[in-house]
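Morning, everyone. I'll take the overall picture, then a few local spots. Please have the viewer open.

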Amino acid sequence: MRIPALAVCLSLAACAGAQSVLDPGGDQAQALFSLFGLMIGVCGIVYAIVLAGLGRVLLRAWKRPVAMADDIPDDRRLDRSLPVAAAAIVLGLTVLIVGSFLADRILFTGRQTPAVFVRVTGHQWWWRIQYRDPASGRWIETANELHLPRGETSRVSLGAADVIHSFWVPAIAGKLDMIPGRRNVIDLTPRRTGWFRGQCTEFCGAQHAHMAFDVKVDSPAGFRAWLAAQATPAPTPGGAAGRGAQVFAGSCATCHAIRGTEARGRAGPDLTHLASRRSIAAGTATMTRGNLQGWIAQPQAMKPGTSMPAVTLMPADADAVATYLAGLR
Ligand code: CUA
């Protein structure tokens, strides 16, 4: 008894997690999870009935003496069971169609009035994320980290800059492709605060697996405070960070933007509040000063094929840049 109980506990423990469809934390994921449960239920019942019928036939054949050709009964009994089987199939399919229709209504993007608008654009291999600033109406740009208010609907417009990617936060909603030249729209209504994980789910090149992003679901007040902080320009650096800012302007600003400075590059992620993020290089490594320094010196070692070139700097300059970036909170 103890071993099956332990096995059930272990298997259920594996269902929880920041990236699990079996642990829904949002309306859309809950609708899909319920539909999944309904399908398992209907298919399980059909499976049990078929096995029971098969067992009954086998048992009867086993008990009965071997039949001669003349003893084989006619198939009138089969004729009688056909309408029952047909009715069961129609009933099962009807239940699944109704369940699928109800789930679709929850996923339908016209159902909710969104409180937040977000644009997410897939790049090889990172995510450009832009929020509409409710105060100024302008776009606020960040990367690789999506923040959402709990209990409100965020409407996410999805696009791609190079090849097809796919946006999926399994614990909050279903997946949707990101296609160059068009925008697809998905609604996210999270119900539980905490950190979740999103992942690109369309093979998009060598570092497809390292194209992830963090999702933070916060209280509505916490989310708005975060958005207001993201809307501000980068803090003015002093001391060693000031030296780092000069080096950055000469070596990195062609590709990266930092609002409030001359750096306005668009090829790579916006770094205005880089150090406020949880990870670097699209979920490849945790945000630490050491990982930042390693990423700048050897990006191809951390993520082979990335568009980020190795930046050759004197050790003192590399240290100053890391100090500068680690201060961009
Ligand atoms: Cu982007 Cu896979």
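The protein has eight helices and twelve strands. Keep in mind that this is a predicted model.

Start with overall dimensions. The radius of gyration is 28 Å, whereas a compact globule of 329 residues would come out near 20 Å. The C-alpha trace spans about 100 × 45 × 40 Å along its principal axes.

Now burial. How much of the protein counts as buried? The figure is 39% of the 329 residues. The exposed surface comes to about 18100 Å², and carbon and sulfur atoms supply 65% of that area.

Contacts next. Take pairs of residues at least 6 apart in sequence that touch. Of those contacts, 63% join residues at least 24 apart.

Charges, briefly. There are 33 positive and 22 negative charges, and their mean positions lie 4 Å apart.

On to the local spots. Go to W125 first. You will find W125 in the loop between β1, residues 116-123, and β2, residues 126-132. The peptide bond between Q124 and W125 is cis, with omega at about 0°.

H208 touches W125, Q199, C200, T201, E202 and F203, leaving out residues up to four places away in sequence. H208 itself is in the loop between β9, 194-200, and β10, 212-218. Is H208 buried or exposed? H208 counts as buried, because its relative accessibility is 16% and the cut-off for buried is under 20%.

Two of those partners, E202 and F203, come up again at I164. Excluding neighbours within four places in sequence, I164 is in contact with D177, M178, I179, P180, E202, F203 and C204. I164 lies in the loop between β5, 154-160, and β6, 165-168. Its relative accessible area is 39%, so I164 is partly exposed. I164 and G205 are 41 residues apart in sequence, and their C-alphas are 9.9 Å apart in space.

Next, backbone angles. Which residues other than glycine have a positive phi? Two to look at. One is N144, with phi near 60°. N144 is placed in the loop between β3, 139-143, and β4, 145-149. Its relative accessible area is 7%, so N144 is buried.

The other is A281, with phi near 55°. A281 is in the loop between β11, 279-280, and β12, 285-286. A281 counts as buried too, because its relative accessibility is 13%.

Last stop, a helix. Select α5, residues 240-251. Helix α5 has twelve residues. From first C-alpha to last it reaches 17 Å, close to the 16 Å expected at 1.5 Å a residue. Which residues of α5 are buried? They are A241, G242, G244, A245, V247 and F248. And what covers them? The cover includes α8, residues 315-326.

To recap. The buried residues of α5 have α8 as part of their cover. That's my part. Over to you for comments.

Terms used:
Residues numbered from 1 in each chain as written. Predicted model: local features only at pLDDT ≥ 70, side-chain atom pairs only at ≥ 80, totals over all residues. Heavy atoms only, no water. Helix = DSSP H or I, 4+ residues; strand = E, 2+ residues; numbered from the N terminus. Rg over C-alpha atoms; globule rule 2.2 N^0.38 Å. Buried < 20%, exposed > 50% of the residue type's maximum accessible area, 1.4 Å probe, protein only. Contact = heavy atoms within 4.5 Å. Areas by Shrake-Rupley, 256 points an atom, 1.4 Å probe, with all protein chains shown as cover. Lys, Arg positive; Asp, Glu negative; His and termini not counted. Charge placed at Lys NZ, Arg CZ, Asp CG, Glu CD. Expected span 1.5 Å × (residues − 1).
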